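Hi,

Here's the structure I promised to pass on. Have a look, and then read on for what turned up.

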Amino acid sequence: MVKNSYLSNPEKLYQKLISLRKKVTEEGDRLYQKWQPFLKEENQESSAKNLAYYLALRNHDIRKIQEALTPWGLSSLGRLESRVLDNLNAVILSLGTILGKEKEVAEVDYPSMDDYLASSKELEKNTATIFGKKPADRFTRIMVTIPGQAAKDSKFIEDLMKAGMNVARLNCAHDDPETWKAIIKNIRKCEKKLDQKCQVLMDIAGPKARISWIFTSLKKPRVKVGHQFLLTGSDTPPKMSGIELMVGCNIPEIISHLKQGDPIKIDDGIVEGVIKEVTEEGAIVETTKVDSKKGVRLKAEKGLNFPASEVKMEFITDKDKNDLDFVCDHADIIGFSFVKNAGDVQEIQQELLKRMPKKKAQTIPLMAKIETVEAVRKLPEIIVAAAGQNPFSVMIARGDLAVEAGFLRLAELQQEILWICEAADVPVVWGTQVLENMVATGIPTRAEVTDAAQGSRSECVMLNKGEYLTESVAFLDEVIKEMHEHEYKKTPKLRALNIAKREIEKQ
């Protein structure tokens, strides 16, 4: 264990806190000044300032300070995301008072309860604006990706809403405007019948590489470790001998950027491979990892990721622009995929202005899916550019993010995203593979129940399509309710424990 001199010298700890506050204020103010051109709304200033101070604080390693504060009963810096300077001031004032420095800390005041809760209330207000009114017994909303069958089955939508769905997500990578219109019509019908609001999120597909078609001579076209197949940008299977499986890529220009040795991941990493050879027809891929001993059957529309390839594509594709014509007239929330920086946000805002009156374009809620390490790295500028003009939320798209960053890094990144967004009063969607086994089979695994419980720290948890979707929504509703009895974000509520009650009653 590293020696901590602050533990035995509270005077030194006090001076370190004074110095830290000075640095955080100076660094945060400089960062905030840099962001000001993005801030169109005055009510975003306090959130942007707090985010700037939070980033300035987390630029420093404060582990020794945290450890030294604990014996004094002052270890509160680990939960200061939503109120950075207020918490720093309160800790300095308390420690200074303990050390008899009342005169020195006279200029520092404890925050009032209203000031202390202001940021939490701002986050609650932003969440309600985007995801709808808070349910009676939980603050985390439930989002559901709606399958095409809902276009002809309003009862399916009604059952989901009764089970606890608050937001219906339509993925524009699938189906078509006619289907989307029918689904939305059924949602609005159920809203009236149940007297219950359900927000409609329409998620623009973005430049996502997917399998466009599959051609095979195999009776059971499953890939196993060591199998080879052709990945091509052609619209039809090329004439090529010796290849039993061919896979089309919906973005042909990607193929020309691939090199021998480049890794490829399919369907959120269920299948992994490496480029063995690049030919005129496409790239020969050899599978190196398959998430099943029986092999995995490749399917059209499954995602393709190329972690080592630098492929520059248009952020908003022609398909996206066509979809936006429909989405701008029908969606309550507009989601965008593969947002990487503030420039992408500004491009989105410009496209909306082409299709909407200015007031509507600046008030319709936006959601950015964070799917790349670059997006995580530039998350603060994405938040400021988006939330400075529109109601804004973030989805942690853990499938693509895990494929690019790796599972070990994902565990860290998803927490960082939650913390940064809380500091900025930005709601977060906990997405991808939540209760995936239960949605498919009706039975949850222990690990995914824990994951769902972890997701209750976010403002919204997303479930994807599956046979047992309605049952999974009802189960998730109960998990979230139970967790909200015990904690809010990173803060334990310290409700009486049943175990403790039983033990005390034995006395």
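By class, how many nonpolar, polar and charged residues does the lining of the second largest pocket have? There are 11 nonpolar, three polar and eight charged ones. (Ala, Val, Leu, Ile, Met, Phe, Trp, Tyr, Cys and Pro count as nonpolar, Asp, Glu, Lys and Arg as charged, and the others, Gly among them, as polar.)

Before the rest, some housekeeping: this is a predicted model, where local features need pLDDT of at least 70, side-chain atom pairs need 80 or more, and totals for chains, interfaces and linings use all residues. Numbering starts from 1 along each chain as its sequence is written, and side-chain values use heavy atoms, with hydrogens and water left out.

Back to that pocket (an open set of points on a 1 Å grid over the protein atoms alone where a 1.4 Å probe fits, with protein on both sides within 12 Å along at least five of seven lines; lining residues have an atom within 4 Å of a point). Its space comes to about 650 Å³, the volume filled by probe spheres set on the points. Of its 22 lining residues, S309, V311, M313, T372 and E404 lie nearest the centre. Helix α13 gives the largest share, three residues.

With β7 it runs parallel, joined by three bridges; T232 stands opposite G248.

Cheers

Conventions
Helix = DSSP H or I, 4+ residues; strand = E, 2+ residues; numbered from the N terminus. Pairing = 2+ DSSP bridges.
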